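Take a look at the chain below.

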Amino acid sequence: EVARMTLILRGRRFGFSLEEIRQWLLIYRQKGTRPQMEAWLTMADRQLAELARQRAELELAIADLAALRDQAAAALEEPEG
């Protein structure tokens with residue numbers, strides 16, 4: 001049970017839903033290790049692509065926010081009038 005809980009917590013940390021983790025654990029119970037590992041590779045590849053997409057969006061948002069912040073700071077430094 002400790003190993004199972006560790007897998008569940010690790011899966012959540014990587015962004016998998018509880019349903020995805022449940023299905024993955026079910027594959028092991030029904031079909032064994034090899035099919036479970038094959039399913040894991042598919043899930044991991046999909047999640048890696050999703051995390052990369054999210055990172056790209058986050059980097060763009062950070063750059064946009066930094067630019068707007070810099071514009072606001074520059075505007076405050078200009079004399080009024």
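The largest nonpolar core has 7 residues in all: Ile8, Phe16, Ile21, Trp24, Leu25, Ala39 and Met43. Helix H2 gives the largest share of this core, 3 residues. H2 and H3 each supply at least two of the core residues. In soluble globular proteins, nonpolar side chains tend to be buried together. Keep in mind that this is a predicted model.

Ile8 is one of the core residues. Leaving aside residues up to four places away in sequence, Ile8 touches Leu18, Ile21 and Leu25.

Now turn to helix H2. This helix runs over residues 18-31 and has 14 residues. From its first C-alpha to its last, H2 reaches 20 Å, close to the 20 Å expected at 1.5 Å a residue. Which residues of H2 are buried? They are Ile21, Trp24 and Leu25. These three cover an arc of only 95° around the axis, so they sit on the same side of H2. Gln30 and Lys31 are exposed on the other side of H2. What do the buried residues of H2 pack against? Their partners are helix H1 (2-13) and helix H3 (33-77). After H2 comes Gly32, with a positive phi near 105°.

The aromatic rings come next. A pair of aromatic rings is described by the distance of the centres and the angle of the planes. The structure holds 2 aromatic pairs. In one of them, the ring centres of Phe16 and Trp40 are 5.5 Å apart. Their planes stand at 55°, so this pair is tilted. Phe16 lies in the loop between H1 and H2, and Trp40 lies in helix H3. The two are 24 residues apart, and their pair links distant parts of the chain. Is Phe16 buried or exposed? Phe16 is buried, because its relative accessible area is 3%. Trp40 has 27% relative accessibility, so Trp40 counts as partly exposed.

Trp40 also pairs with Trp24. This pair is tilted too, at 5.5 Å centre to centre and 50° between the planes. Trp24 lies in helix H2 and Trp40 in helix H3, so the pair ties together parts that are 16 residues apart in sequence. Trp24 has a relative accessible area of 8%, so Trp24 is buried. Through these ring pairs, Phe16, Trp24 and Trp40 are linked into a cluster.

Last come the charged side chains. Side chains of opposite charge can pair when their charged atoms come close. How many salt bridges are there? The count comes to 6 salt bridges. Glu19 and Arg22 form one of them, at 2.7 Å from N to O. They are 3 residues apart in helix H2, so about one helical turn separates them. Glu19 is partly exposed, with a relative accessible area of 38%. Arg22 is partly exposed as well, at 43% relative accessibility.

Glu38 has 43% relative accessibility and counts as partly exposed. Arg34 has 64% and counts as exposed.

A further salt bridge joins Arg69 and Asp70, at 3.7 Å from N to O. Arg69 is exposed, at 54% relative accessibility. Asp70 is partly exposed, at 47%. Salt bridges that share partners also join Glu50, Arg53 and Glu57 into one network.

Notes. Residues numbered from 1 in each chain as written. Predicted model: local features only at pLDDT ≥ 70, side-chain atom pairs only at ≥ 80, totals over all residues. Heavy atoms only, no water. Helix = DSSP H or I, 4+ residues; strand = E, 2+ residues; numbered from the N terminus. Expected span 1.5 Å × (residues − 1). Buried < 20%, exposed > 50% of the residue type's maximum accessible area, 1.4 Å probe, protein only. Arc of directions from axis to C-beta. Contact = heavy atoms within 4.5 Å. Phe/Tyr/Trp six-rings, centres within 6.5 Å; stacked < 30°, edge-to-face > 60°. Core = buried A, V, L, I, M, F, W, Y, C linked by side-chain atoms within 4.5 Å. Salt bridge = Lys/Arg side-chain N within 4 Å of Asp/Glu carboxyl O.
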